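The sequence and structure follow.

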There are 4 protein chains.
Amino acid sequence: MPIPSPNLYPEFNTVRLSHVEFIVKDLAASRAFYVDTLGLQVSYEDKNAIYLRAMEERGHHCIVLKQGAEAVANVLGMKVYGEEDLDRAKSFFEKKGLPTEWVERPYQGRTLRTRDNFGIPLEFYHKMDRLPPIHQQYKLYKGVKPLRIDHFNCFSPDVDASVAFYSEMGFRVTEYTEDEESKKLWAAWLHRKGGVHDMAFTNGRGPRLHHTAFWVPTPLNIIDLLDLMSTTGYLKNIERGPGRHGISNAFFLYILDPDGHRIEIYCSDYQTVDPDLEPIKWDLKDPQRQTLWGAPAPKSWFEHGSLFAGTEVRDSSLSATPIIAP
Amino acid sequence: MPIPSPNLYPEFNTVRLSHVEFIVKDLAASRAFYVDTLGLQVSYEDKNAIYLRAMEERGHHCIVLKQGAEAVANVLGMKVYGEEDLDRAKSFFEKKGLPTEWVERPYQGRTLRTRDNFGIPLEFYHKMDRLPPIHQQYKLYKGVKPLRIDHFNCFSPDVDASVAFYSEMGFRVTEYTEDEESKKLWAAWLHRKGGVHDMAFTNGRGPRLHHTAFWVPTPLNIIDLLDLMSTTGYLKNIERGPGRHGISNAFFLYILDPDGHRIEIYCSDYQTVDPDLEPIKWDLKDPQRQTLWGAPAPKSWFEHGSLFAGTEVRDSSLSATPIIAP
Amino acid sequence: MPIPSPNLYPEFNTVRLSHVEFIVKDLAASRAFYVDTLGLQVSYEDKNAIYLRAMEERGHHCIVLKQGAEAVANVLGMKVYGEEDLDRAKSFFEKKGLPTEWVERPYQGRTLRTRDNFGIPLEFYHKMDRLPPIHQQYKLYKGVKPLRIDHFNCFSPDVDASVAFYSEMGFRVTEYTEDEESKKLWAAWLHRKGGVHDMAFTNGRGPRLHHTAFWVPTPLNIIDLLDLMSTTGYLKNIERGPGRHGISNAFFLYILDPDGHRIEIYCSDYQTVDPDLEPIKWDLKDPQRQTLWGAPAPKSWFEHGSLFAGTEVRDSSLSATPIIAP
Amino acid sequence: MPIPSPNLYPEFNTVRLSHVEFIVKDLAASRAFYVDTLGLQVSYEDKNAIYLRAMEERGHHCIVLKQGAEAVANVLGMKVYGEEDLDRAKSFFEKKGLPTEWVERPYQGRTLRTRDNFGIPLEFYHKMDRLPPIHQQYKLYKGVKPLRIDHFNCFSPDVDASVAFYSEMGFRVTEYTEDEESKKLWAAWLHRKGGVHDMAFTNGRGPRLHHTAFWVPTPLNIIDLLDLMSTTGYLKNIERGPGRHGISNAFFLYILDPDGHRIEIYCSDYQTVDPDLEPIKWDLKDPQRQTLWGAPAPKSWFEHGSLFAGTEVRDSSLSATPIIAP
């Protein structure tokens, strides 16, 4: 199936991905990982939850960690352009027959809870508490110096269907991998905010959250994080990288939090604000699409993901692991 | 005068700044500067003109250099979201009593030529020839490894009036400097594409173009350029920097091309896509707004700029040079 | 066998490793690799040979490439402190019953050719033609911006014996890996010039040259080289890395030249000039000794090496591949 | 006066500069500067003194801070190669008619206290307490990530005489500035350990300590320090830089501690172990010798220095400030 033309005038205006909520089994261990090691800043914490933001963010939170029995992803949050976009979003999802409800979320204004076509729990809001800037309080910078949340990547059992759905919402495909035989999409990267992606889908048993990415200043910050993690007991949490992605051209590192939620540390992709930006197509057999420098990803990277709370998963009709050219 | 509220639903949708056209007196000297030293890529050249793009750009040009008798800036180019935005733009400028005309520009679609409230020549287009990606042809990277055009900065004789005009066009103020006594704006940074600015205005005899900026990967690329320029005959073309701006938080270097057109090399400002992003206010007496590390800018930086072709300049009613705290 | 005490007053004074001579089967292909890709500078070339130096070197050559039928390493070159050290070296090797002869080498003064205890061909000289500095001719910097040759690493069939021999020559062990069971050395790093090593030995069929290393300014230059090689046809020449070594703490990349001679790109080890610097011991079962971040080296890295011209190899009595903890 | 030929076989063998002892007027303020801001590690502290080392050093201290009434430099420390070099050093200084005595210094073995030809207090030792390596304890890295002490730079009232004295001690000149008219040395850089310098002399009222330098991994660490200092109350402690020196080719920053002792943060000079390395000569009128990129040093940098305890200063016969070409 060819990738859909971008919907330049969607029914409602999503500005960007905003935040993720993780259930974690040991809040103290998660705090050591996200705060002491990655360097995210605590906006609020009590014994049941921690709200975090990155260094250049003024919204209250980009990650919410909640103590719980099962390590799942509760919800993916999105920010819309105006209050009225929330109502338009509600109408959009209702017309699709998808569940919608207004929910109360701390530090956020009116919040719409819904699910995408495969059941990924989504929450849209316009207003979030705004905090004073800290990006020039350099004494606070630690760990990998995370600047902002960058994107989500999800396993989808049918990437064509996922891309069609988000394209209708105005997400624009920047790069994609096609299975040359079936002509079905293997993976696709879609953006709203002007980078390579706010959301990506990869073929696999899903929906599941593959990873959540944070933007950092330079590759040297990623090297610093590797040095830190490998000498502070987090050696086994390093899963893949560092490397350069063919797709997105970004410099990357994949790490796992204490519950196995995957985090990507990411920098140096490119600007995509032009509405007529041509998507870049990659061949599934080209190993450089994953790592420009040729190193293969480990098996776990193709298989492991976080479940979404209360969301059923199904197998993909395509094979579960891409055939990598030798 | 307080800064205006952002106009979230402007009459027409400007995506981003796009390109600048410079008249240069010695095209070969300019080529040595922009191509051999900065590392911009030639999209087209003949004996009268050179069209250049940066490494991650797919539009045909971000700088046009034309041989001429007088070193001036001919026009600032802007890209709009859709074809219909061109007609809406025409109407917008006509209602202001400003000149508009459809002009032919090589490699561009329908192009609207007009002027802003102080006479800055502007050209809006939607379509520009799209070129194949070169951002992964690493053998082409040279000089400072310029990735994309980032912003314009202009002297304005009345920054409040300039900001009001561009705000009506949907540009949103991210940071500004106010003169505490007169309560007038000294300088302001306004964006469309989600960085700190596409356009900035600084108080001074104007309108004149203060500088055109290019985004580069990291501060080390700027250090590389300094090493290169200082050992290849461009020592006197280094005007200010390197340093960290207080405003924008960017790492910067200002250099002058062979005709005195000022170029800023720039990286690491922050994302500004939230429509409710609060502008940051700086005190005119705070020297860290200019250079976080305290080093003052040289006198030339406050005084020198490029004239716009066929555009009359006037003095500002505020003093010509900011009083810097000792 | 415990590592020997450093011989602080050796019979002759070796300043540093100096150069390597490779026989290559296609001189043009080697030139494309070493000059156009790595960025080494040509001191002299004709159709049979190319002499290269790195950016901060003033000696005439650190690599000599010679066209030939079989891809071997001809000789490892060492610089001694004074002319008289050459005579003392001759006496030292003669007393060991090792072959010595005075040979003529272009661009070098009096040169002593000999072999170490396992037959590695060594040449010692004091004087080499000195060239004008180019380290501030920044327009010449290309590729990985190689600054200087850093070290050799050789397979040895008996690392204890190799270390004893070079220790007597005044090389000082900085780090080493011991096989906990046999108490034999698995690998050792020895220096003369004040870094982690001028020469290292690793257990294996030998003597063979495992790699020759070049020092570069920062890890970002190594990332640049990876980007360049992976997009200019050298993808398969990337063997291992980038990563941080546990041993030496250096940031590294291993690549193979067109003939399979292995080159390490290396930076950021530490200063070792103190004569009482304590060697650091690593456990053979600790995978972080090789890569601090945990990624294993590929099999080829443990097995492949360059033969020395006219030198017989023998198997090691220890197993050929280290047992890596899972 | 021409620079002296290097004395390749000096009477005693100095390995490297080792440490400096500063009297500071507010030990807590100095701790905030050296430990919390620069990131040096505390080896020992009590209410009267703090002993510090840098991240890759295994000797006990590279800076000793002592509470006192007057901010002076007490002594410059040097490490010699063997115990017997201490006796040879004693003999060397005695033959010059300079004062010598054996002194007790905590954490050091036998220590010789003496003075150079202009009265700079020097202490030579061979043994210092050795501490466990911390260079791979990455959680300890903070501030500018200082790796090791690199060099001293002193004002001398007669640079020719200083250079002659240290040359006799085996220090080798790597670069120098000559006053073309008087043919006298304006400044010179001399090394023992294989970098551009362990000790440098600059013309001026002296002897006084101009600065003490620390080596850091990359220019980005210097940028990090600038960001940190300029947002934590140390803005006025930033004196000069960042920049590239023409002489030494190093990337530098000069800062002042709370008592005005000047510290240089320094990286990326070059290797100088070759005994026949040709010194590089710079013209006093060439502004690029100081800053390759052309920015002049501030007046304070030419005039201010730390007095040595109990040491008389005298004026230089040359003018006090170099004439900088406009």
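Predicted model: local features only at pLDDT ≥ 70, side-chain atom pairs only at ≥ 80, totals over all residues.

## Strand β8 of chain B and its neighbours

B:R115 stands opposite B:P121 in β8(B). This pair belongs to the contact between strand β7 (residues 111-115) of chain B and β8(B), where the strands run antiparallel and are joined by 5 bridges. In the hairpin that β7(B) and β8(B) form, 5 residues lie between the strands, and B:G119 takes a positive phi near 100°.

Strand β5 (residues 73-80) of chain B is also joined to β8(B), here by 4 bridges and in the parallel sense. B:L76 is found opposite B:L122 of β8(B).

## Burial of β8(B)

Strand β8 (residues 121-125) of chain B is largely enclosed by the rest of the structure, because 5 of its 5 residues are buried. B:P121, B:E123 and B:Y125 point one way from the strand, while B:L122 and B:F124 point the other way; all are buried.

## The sheet of chain C

Chain C has an open sheet of 8 strands with mixed pairing, in the order β2-β3-β4-β1-β5-β8-β7-β6. Its edge strands, β2 (41-45) and β6 (100-103), each pair on one side only. From one strand to the next, the twist averages 25°.

Within this chain, strand β1 (residues 14-24) and strand β4 (residues 63-67) pair in the parallel sense over 5 bridges. C:F22 has C:L65 as its bridge partner in β4(C). Helix α2 (residues 83-95) of chain C packs on the sheet and touches β5 (73-80), β6, β7 (111-115) and β8 (121-125) of chain C. The direction of this helix makes about 150° with that of β6(C).

Definitions and conventions. Residues numbered from 1 in each chain as written. Chains lettered and ligands numbered in written order. Heavy atoms only, no water. Buried < 20%, exposed > 50% of the residue type's maximum accessible area, 1.4 Å probe, protein only. Helix = DSSP H or I, 4+ residues; strand = E, 2+ residues; numbered from the N terminus. Pairing = 2+ DSSP bridges. Axes fitted to C-alpha atoms, helices over the stretch in contact; angles between N-to-C directions. Contact = heavy atoms within 4.5 Å.
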